[in-house]
Amino acid sequence: MSQNEATIDPATAPTGAAPAATGRGAHANAGQNKLTCSNVWKVFGENAERALQRYGGHMSQDQLAAEGLVGAVQDVSLDIRQGEIFIIMGLSGSGKSTLVRCMSGLIPITGGHIFVEDQDLNGISAQQLMELRRHKMGMVFQHFALLPHLTVLANVAFPLEIQGVDKRTREQKARETIRMVGLEGREHNFPRQLSGGQQQRVGIARALVIEPDIWFLDEPFSALDPLIRRDMQDEFLRLQNMLDKTVVFITHDFSEAIKLADRIAIMHDGRVDQIGTSEELVTQPATDYVAEFTKDVPRAKVLSARSVMVPGRADGIPGSSPDDVKPVSAAERVEDFASRVVDRNAPVPVVDDQGAALGHVHPESVMNILLEREQRS
Ligand SMILES: Nc1ncnc2c1ncn2[C@@H]1O[C@H](COP(=O)(O)OP(=O)(O)OP(=O)(O)O)[C@@H](O)[C@H]1O
């Protein structure tokens, strides 16, 4: 049974409860819905739309197979909030790219609805969809997809050229964006003269030059070697903190997802099994599949102080008042505060954003998590 906690009826869509700890703290909690999928299906094969209608808008795996169809995306409902980094994970073939292609209006859906803000993509003309995609959506792909015969400047200015922006304005905007991604001085290089990381910066600049509302990134860093990849993740976070886009990001790498995500959706055979923070997926997996998918994630990387603390005041525990020791904030992850608690060898207070005491963490429980004893017991 799928437990998609972000499943919504767009007519009654709430902004949703705030997640506990996320990759970027409480950043996205206040966002309004930016993009909504409501019972979205993408079925490949002949007469797929008719078949889906014949089955009343819902087909089982067996029915799809009997009709010779592939259910790449099956009955997906979710909402993505303004300003959040929403990560989609799942094994190869689980439907991630197809879902993102549907969300971005690149391919038509077979059933359901996709709303960008209040606009139902089913209800707009091909021309309106093209305008929406050109003006509101930026895309970055794994293999850069740069135009090899164009310079960096021309590559970045290209989406503006498509929009019909005059040469002077588009080159000025392209130069600003190139500077923003740290490639100043490379404007007249061709893609082949750049490293993989630099080429992906061009890809990022090209997606950002139109100042999109929604930024889709399909495994943007997976072709890069690990050190460059880490730099690019940091760079991406820096840009996102500055620009506050709504981001839909596909990755195969859970540590990348932990670092970047506000929330993560786990896809499995075309369906979304669960949506949550990395901590929620690890500590409260909704399905056996999610449990299996997250079983190797080190707990220290995802568990927050809030979830490992002993609640209540630490009165009476010597030296554990917030006045005696620098407290841990509730959203901090074990990995980040472990050494402070273990070195101190005494309980450390946990406080909320306002500095109010919530509880305290004990060195023993931190050590247990570091050694993953809890997982084995
Ligand atoms: N154009 C198409 N025609 C037929 N089947 C397709 C098409 N595109 C995708 N599929 C099928 O849809 C399913 C989902 O594919 P998709 O590429 O979305 O998965 P993915 O999770 O993004 O995989 P990967 O991680 O390997 O990129 C797969 O079974 C794939 O073979």
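## Asp75 in strand β2

Asp75 counts as buried because it has 21 C-beta neighbours inside 10 Å. Asp75 lies in strand β2, and its phi is near 55°, a positive value in a residue other than glycine. Helices (H or I, at least four residues) and strands (E, at least two) are DSSP runs, numbered from the N terminus.

The model is a predicted one, in which local features need pLDDT of at least 70, side-chain atom pairs count only at pLDDT 80 or more, and totals for chains, interfaces and linings use all residues. Residues are numbered from 1 along each chain as its sequence is written.

## Ligand shell

The ligand is surrounded by Phe44, Val70, Ala72, Gly90, Ser92, Gly93, Ser94, Gly95, Lys96, Ser97 and Thr98. A residue is near a molecule or strand if its C-beta atom, placed from the backbone, lies within 6 Å of it. At least two residues of this shell come from each of β2 (70-81) and α3 (96-103). The most is given by α3, with 3 residues.

By class, the shell has 3 nonpolar, 7 polar and 1 charged residues. Here Ala, Val, Leu, Ile, Met, Phe, Trp, Tyr, Cys and Pro count as nonpolar, Asp, Glu, Lys and Arg as charged, and the others, Gly among them, as polar.

## Two loop residues

Glu117 is placed in the loop between β4 (111-116) and β5 (119-120). Its phi is positive, about 55°, although Glu117 is not a glycine. Glu117 counts as partly exposed because it has 13 C-beta neighbours inside 10 Å.

Asp296 is found in the loop between α11 (288-293) and α12 (299-302). With 7 C-beta neighbours inside 10 Å, Asp296 counts as exposed. Asp296 is 14 residues from Val282 in sequence, and the C-alpha to C-alpha distance between them is 9.4 Å.

## Four-stranded sheet

An open sheet of 4 strands runs in the order β11-β14-β13-β12, with mixed pairing. Its edge strands, β11 (310-311) and β12 (328-329), each pair on one side only. Two strands pair if DSSP finds at least two bridges between them.

Strands β13 (residues 348-351) and β14 (residues 357-361) run antiparallel and are joined by 4 bridges. Val350 has Gly359 as its bridge partner in β14. Strands of a sheet pair through backbone hydrogen bonds, either parallel or antiparallel.

Notes:
A residue is buried if 20 or more other C-beta atoms lie within 10 Å of its own, exposed if 12 or fewer, and partly exposed in between; C-beta atoms are placed from the backbone.
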